[in-house]
Amino acid sequence: MTAETIIQSLASGLLMGLLYGLIAAGLALIFGLMDVVNFAHGEFLMIAMYATFFLFAFFALDPLLAAPLVAASLFVLGAMVYLLVVRFAMRAKANAGMVQIFSTFGLAIVMRGLAQYFFTPDYRSVTHSWLGGKTVSVAGVFLPEPQLVGALVSIAAFAALYFFIHRTDFGRALEATREDAGAVALVGIDKNRVFALGWGLGAALVGLAGAIMATFFYIYPDVGASFALIAYVTVALGGFGSVFGAFAGGIIVGLVEAATALALPPSLKSIGIYAVYLLVVFIRPRGLFGSI
Amino acid sequence: MDKAFAARRRRDLMVAAGLVIIAALLPLFVRNVYIQNIMVLTLMYTALSQSWNILSGYCGQISLGHSLYFGLGAYTTALLFTKLGVLPWFGMLGGGIVSALIAMALGYPCFRLRGHYFVIATIVIAETTLLLFQNWEFAGAALGIDIPIRRDSWLTFQFARSKLPYFYFALALAAVAWFVTWWLEDSRWGYWWRAVKDNPDAAESLGVVVFNSKMGAAAVSAFLVAVGGSFYAQFVSYIDPDSVMGFQFSLLMALPAVLGGIGTLWGPMLGAVILIPLTELTRSYVGGSGRGVDLIVYGTLIVLISLVRPQGLVGLFAPRRKVAAP
């Protein structure tokens with residue numbers, strides 16, 4: 001194994017890690033806002049990928065152009081999921097923890113079933129796009145364009161999110177609701193509206209990731225499941241609820257995955273991520289940057 | 001202990017005995033092999049869900065990684081039988097003991113985690129083990145193990161001609177899992193578990209050893225699930241990592257309890273009796289053309305139950321008990 005191979009893999013790992021961070025950002029945002037883990041997060045990603053695929057197949061829209069549309073549709077989906085399901089799950093008096101897990105889990109199963117029913121279990125792919133299949137060489141390291149653009153989109157999205165949370169009224173309302181959902185009602189903030197917008201925003205972020213993912217990954221009804229587990233690990237590593245912890249968590253996950261793939265057979269590449277997750281929570285049960 | 005409670009426990013036991021007798025007579029009337037197959041699966045999931053319920057329902061430690069113990073049971077039995085010729089009966093016991101020990105070894109670090117960190121750790125551990133088995137050459141790696149078919153016999157627990165022996169074994173397993181739950185419900189352990197579930201800090205302050213309570217629940221739960229896995233290996237006579245250790249088993253063990261009533265004596269059975277035939281039937285009658293309809297049906301069911309009746313269906317069937325006058 002040469003130094004070049006190692007640098008090459010770590011570079012792709014870093015790019016992939018930034019994308020993992022973007023996938024996980026919405027999950028972390030929603031958790032931070034209301035202590036709910038969305039177990040249908042992977043299915044949001046799956047739907048975003050299908051949306052990108054259909055915009056490409058029917059309107060020949062390039063995934064890069066489709067991305068804002070997909071993010072906007074996912075925003076609506078996320079807000080609807082909150083208003084129609086999660087809002088009621090939050091009111092459960094009996095078995096509260098269980099209700100939160102299984103209401104979104106049930107939703108994930110329904111979404112997967114609907115995808116199988118309407119889109120069939122066949123594997124789809126966006127066959128040609130501006131980015132797909134191309135690489136650029138940066139200082140002798142070859143970087144695949146989809147992942148490179150994905151990484152840039154991820155950095156831009158996190159920057160926008162940072163600005164949004166710290167500089168806008170809605171962002172401040174989000175922070176305030178997160179700190180004390182009861183007290184914000186006293187200053188005239190509608191908790192439900194903030195939660196719905198939070199879910200919309202979380203889903204829009206994963207929608208953005210899905211549009212990019214569609215350029216280099218197969219699209220099928222179960223595609224969300226494997227990425228969902230990576231997203232949970234990413235979020236937990238960063239510490240649940242810390243949106244920027246998810247950014248750091250994503251980078252760690254991407255690098256660890258790449259390093260594992262160098263050392264072990266490809267079929268075992270996820271072992272490294274899982275091992276790091278267990279190691280981190282066993283030593284620090286609140287994740288790396290967790291404060292709750 | 002108050003009298004009403006003792007009477008309820010006696011009544012539960014009699015109802016259970018009655019149900020076992022009725023179930024045991026069912027095959028006299030149901031000769032259709034397809035329906036018999038569904039009955040075997042329903043009983044198996046009753047047993048599995050009842051066992052899952054001990055750790056996740058009574059003790060409140062929601063595990064979505066119990067497929068690990070199911071798979072360990074299946075693999076222990078199959079490996080011992082194909083490599084060493086050990087009879088499945090010993091394999092079952094061995095699988096149960098191995099799983100209980102592993103559950104305690106894993107519980108040692110995991111039970112310090114709370115809430116979502118714990119749930120995700122259980123998924124991650126099961127997935128890691130799945131990956132290891134997919135790459136373990138000695139155990140057939142991804143191809144799995146074909147259990148050689150010999151003569152139909154109780155000795156090797158193999159029956160190619162009739163489903164009935166499997167049916168009666170699954171019935172016995174479900175009955176044992178129910179009885180263990182019934183017995184533990186009123187034991188010291190049962191009270192500790194409920195205390196740990198409701199408020200671990202308060203329980204600790206009252207002298208409940210929270211950590212040991214969780215370990216006990218994990219061991220019993222894993223042992224019983226592993227026996228279920230051993231049974232399944234014999235029943236299907238071919239296993240591979242995905243078909244016995246996949247995440248779907250973790251879900252399928254949890255859902256009947258969620259539907260029927262998590263942390264209740266009758267919930268898992270009630271849930272399994274509704275859920276398993278429903279999914280099997282929708283899969284074969286509606287699912288043929290489109291696939292996915294079975295998922296839509298039970299996903300919807302789970303969402304509705306979680307939102308409308310989080311305590312499960314079980315309360316709907318219980319006779320209204322009047323509050324006893326002091």
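**Figure 1. Surroundings of B:I302 in the predicted model.** Not counting residues up to four places away in sequence, B:I302 touches A:F102, A:F105, A:G106 and A:I109 of chain A, together with B:L255, B:V258 and B:L259 of chain B. Two residues are in contact if their C-beta atoms, placed from the backbone, lie within 7 Å. The model is predicted: local features need pLDDT of at least 70 and side-chain atom pairs count only at pLDDT 80 or more, while totals for chains, interfaces and linings use all residues. Residues are numbered from 1 along each chain as its sequence is written, and chains are lettered from A and ligands numbered from 1 in the order in which they are written.

**Figure 2. The largest nonpolar core.** This core holds 210 residues, of which B:I302, B:A170, A:A25 and A:Y277 touch the most other members. Helix 1 of chain A gives the most to the core, with 17 residues. A nonpolar core is a set of buried Ala, Val, Leu, Ile, Met, Phe, Trp, Tyr and Cys residues joined through C-beta atoms within 7 Å. A residue is buried if 20 or more other C-beta atoms lie within 10 Å of its own, exposed if 12 or fewer, and partly exposed in between, with C-beta atoms placed from the backbone.

**Figure 3. A:L29 in helix 1 of chain A.** The helix spans residues 3–34. A:L29 is buried, as 26 other C-beta atoms lie within 10 Å. Leaving aside neighbours within four places in sequence, A:L29 is in contact with A:G198, A:L201, A:G202 and A:V243. The C-alpha atoms of A:L29 and A:W199 are separated by 8.2 Å, although these residues are 170 residues apart along the chain.

**Figure 4. The hairpin of strand 1 and strand 2 of chain A.** Strand 1 (residues 135–138) and strand 2 (residues 141–144) run antiparallel and are joined by four bridges; strands pair if DSSP finds at least two bridges between them. A:V138 stands opposite A:V141 in strand 2. Two residues lie between the strands, and A:A139 takes a positive phi near 50 degrees.

**Figure 5. Chain A as the setting of these views.** Chain A has 11 helices and two strands, where helices (H or I, at least four residues) and strands (E, at least two) are DSSP runs numbered from the N terminus. From the N terminus on, the order is α-α-α-α-β-β-α-α-α-α-α-α-α. Buried residues make up 54% of the 292 residues in chain A.
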